[in-house]
Amino acid sequence: MQLTLEELKNLFKTLEAGGVAEFEYQDEKFRVKVGLGRAAATVVAAVPARSSPLASPAPAAAARAVDENVVAVTSPFVGTFYRAPSPDVANYVEVGSVVRPGQTLCIVEAMKLMNEIESELAGTIVDVLVENGKSVEYGQKLFTIRKA
Amino acid sequence: MFKKVLIANRGEIAIRVIRACRELGIATVAVHSEADAGALHVRFADEAVCIGPPQPLASYLNIPAIISAAEITAADAIHPGYGFLSESAEFARIVEGCRLGFIGPRSDVMQLWGDKIRARETARKYGLPLLPGSEALRDAEHAEAEAARVGYPVMMKARGGGGGRGMRIVRGEGEVRRAFESATAEAMNAFKNPELYLERFVEKPKHVEFQALADTHGQVWTLGERECSLQRRNQKLIEEAPSTVLTDELRASIGESIRHALAETGYTSLGTLEFLMDAQSNLYFMEMNTRVQVEHPVTEMVTGVDLVVEQIRAAAGEKLELADTRPWRFRGHAIECRILAEDPVTFAPWPGRITDYYPPGGIGVRVDSGVYGGFQVPSEYDSLLAKVIVHAPTRAQALGRMRRALDEFIIGGIRTNIDLHKRLIDLPEMRNGTMTTRTVELLMARGRS
């Protein structure tokens, strides 16, 4: 496989948009391994969508956006939102939970695949915006976090 | 019948499908990118799901997101519209595999007719006329030999897709190698498939296409033809039904061969077979589009058949109840103009906010539109804003009615090709029916000289 840097970037964007978390490829001449949708440093495309609130019809969201230290976590997939890994287990986070980068906040299930959504920042959960088991769309706000 | 259909598309065709679903009592789900959050189809549908950022690959072409949206809304069928995933056999297979209805042909039949070379072979087998042409070209030497055998001038074309990409006209032996190499690269880039074939090139053809409809009970109808000769860069601008140059005999014989070919290959749903016509009125099969077409309304106006409703019925397994169309009769004449968001001189696409919007109306005027006053036309998608369709008892009256309709159409805030359409309607070649696929290009060249 011979790809230019531009083609590689497009490949990663496409894979990430499709919900792929990790990608690895190797042949005699070339090897690439990348974690997608996580650390902000490697994935430029995803970060702006998550850190800035969408142009949303809800005035409450706009009022909250005034506090620049509070950022929204938005869903990168269409699917079903779950607060815990399984029904009888404790939620990943609650309002007031302190979170670190890489910590799992919730699951968005799509087509029987459980996608863990991880925090990109260190901070405290201010709000949980979706009820357990409800459907979410791309870009929908799931949590707000006050940056540490 | 389906209870809920998800429309995997946007713009005017999404509205079109929603309208058909409404008339059938089917609930609708719109999917949209973030750029289309305020779009008309989102507001018309019963439910809407945002499936991704503006880029098509991450939204309207994002198969997992579309399937997930069907899952969370409990849709039981997907209509792919035109463009995007409508001719993706892979998408059709995935939809079928998820036990959702796909409103289109079966994936294996779509694959057969969507492959240009296999489609040619199938057409030949069932007696459809073809241009002299080749198989897949192995290399430049093979291309040279085939071009000489077929006879110059020839057109090199991509096996994997159309839209003008991977196409080269070759007028003599000296040009073959360079054309082969550049067309191969372009085809690889556009379709991930470098394969080419070649056909005799017709200098100034008319573009004539036949509408077909088939159900899952072995019934196949042909619903007459459309002529779409006024094109720019292989993009149709104006379409009409019927064609001024088709005789009843030709219509009947081509129709018979088409029905036979589709029945034998198990084709169901809507489909359009595209032909070129040369100056001697010979028709040559080009390719088949295995989906609803942009210009389907002109056929609807002259036949009275709601093509999208019938397409949905066929997909749901119903036995369609259309009249026998073999004793062919058109009702009047219909013309469609595609209104695009583009600069009238440079043809540069012109996204932006529509400030005023007043579509034409009155007797015999239909507007299929995806936009409204205040809508922000996004830059990421094609430039089609709306289609103006007129229907009148005669072709002359239809031309006059289109002129009136174009004069009424107000779209402020962005640039459109409405003025170009007025010029095209007034062209002598359009009035007397002698237009070809080179007419618009020659008009533009005259304008520049």
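Strands are counted as paired if DSSP finds at least two bridges between them; helices (H or I, at least four residues) and strands (E, at least two) are DSSP runs, numbered from the N terminus. Residues are numbered from 1 along each chain as its sequence is written, chains are lettered from A, and ligands are numbered from 1, in the order in which they are written. The model is predicted: local features need pLDDT of at least 70 and side-chain atom pairs count only at pLDDT 80 or more, whereas totals for chains, interfaces and linings use all residues.

**View 1. Sheet of chain A with the paired strands β6(A) and β7(A).** The open sheet comprises 4 strands in the order β7-β6-β4-β9 (chain A), and the pairing is antiparallel. Its edges are formed by β7 (113-118) and β9 (135-136) of chain A, each of which pairs on one side only. Strand β6 (residues 104-110) of chain A runs antiparallel to β7(A), to which 6 bridges join it. Within this pair, I107(A) stands opposite E116(A) in β7(A). A helix of the other chain, α3(B), packs on this sheet and touches β4 (79-82), β6 and β9 of chain A. The direction of α3(B) makes about 70 degrees with that of β4(A) (axes are lines fitted to C-alpha atoms, for helices over the stretch in contact, and angles run from 0 to 180 degrees between N-to-C directions).

**View 2. The side of chain B that touches chain A.** Contact is made between 16 residues of chain B and 16 residues of chain A (two residues are in contact if their C-beta atoms, placed from the backbone, lie within 7 Å). On the chain B side, β3 (47-52) and α3 (63-73) are the elements that give two or more residues. The most is given by α3(B), with 7 residues. By class, this side of chain B has 11 nonpolar, 3 polar and 2 charged residues; Ala, Val, Leu, Ile, Met, Phe, Trp, Tyr, Cys and Pro count as nonpolar, Asp, Glu, Lys and Arg as charged, and the others, Gly among them, as polar. For the complex, the predictor gives an ipTM of 0.73 and a pTM of 0.83.

View 3. Chain A holds 3 helices and 10 strands. Of its 148 residues, 28% count as buried (20 or more other C-beta atoms within 10 Å of the residue's own; exposed, 12 or fewer; partly exposed, in between; C-beta atoms are placed from the backbone). Among contacts in chain A with a separation of 6 or more, 54% come from residues 24 or more positions apart. The mean pLDDT of chain A is 77, and 71% of its residues reach 70 or more; pLDDT is the predictor's confidence in each residue, from 0 to 100. Over residues 38-65 of chain A the pLDDT is below 50, and this stretch has 27 contacts in the model beyond near neighbours in sequence. Where pLDDT is low, the predicted coordinates should not be read in detail. For chain B, the mean pLDDT is 94, and 99% of residues reach 70 or more.

**View 4. The sheet of 8 strands in chain B.** An automatic or database domain assignment divides chain B into domain 1 (4-103), domain 2 (132-200) and domain 3 (206-448). The open sheet has the order β13-β12-β9-β10-β11-β14-β19-β17 (chain B), with antiparallel pairing. Because β13 (283-289) and β17 (365-369) of chain B stand at the edges with a single partner strand each, one side of each is left without a neighbour in the sheet. Neighbouring strands of this sheet are turned by 25 degrees against each other on average, direction ignored. Strand β9 (residues 206-214) of chain B is joined by 6 bridges to the antiparallel strand β10 (residues 220-232) of chain B, and E209(B) stands opposite R226(B) in β10(B).

**View 5. Strand β14(B) between its two partners.** Strand β14 (residues 333-340) of chain B is mostly covered, with 8 of its 8 residues buried. H333(B), I335(B), C337(B) and I339(B) point one way from β14(B), and A334(B), E336(B), R338(B) and L340(B) the other way. Strand β11 (residues 235-241) of chain B is joined to β14(B) by 4 bridges in an antiparallel arrangement, with I335(B) in β14(B) as the bridge partner of E240(B). The antiparallel pairing of β14(B) with strand β19 (residues 384-392) of chain B extends over 8 bridges; here E336(B) stands opposite I389(B) in β19(B).

View 6. Helix α11 (residues 307-315) of chain B is largely enclosed by the rest of the structure, because 8 of its 9 residues are buried. The buried residues include L307(B), V308(B), E310(B) and R313(B). Among the elements that cover them are α1 (11-24), β9 and α10 (296-303) of chain B. After α11(B) comes G317(B), whose phi is positive, near 90 degrees.
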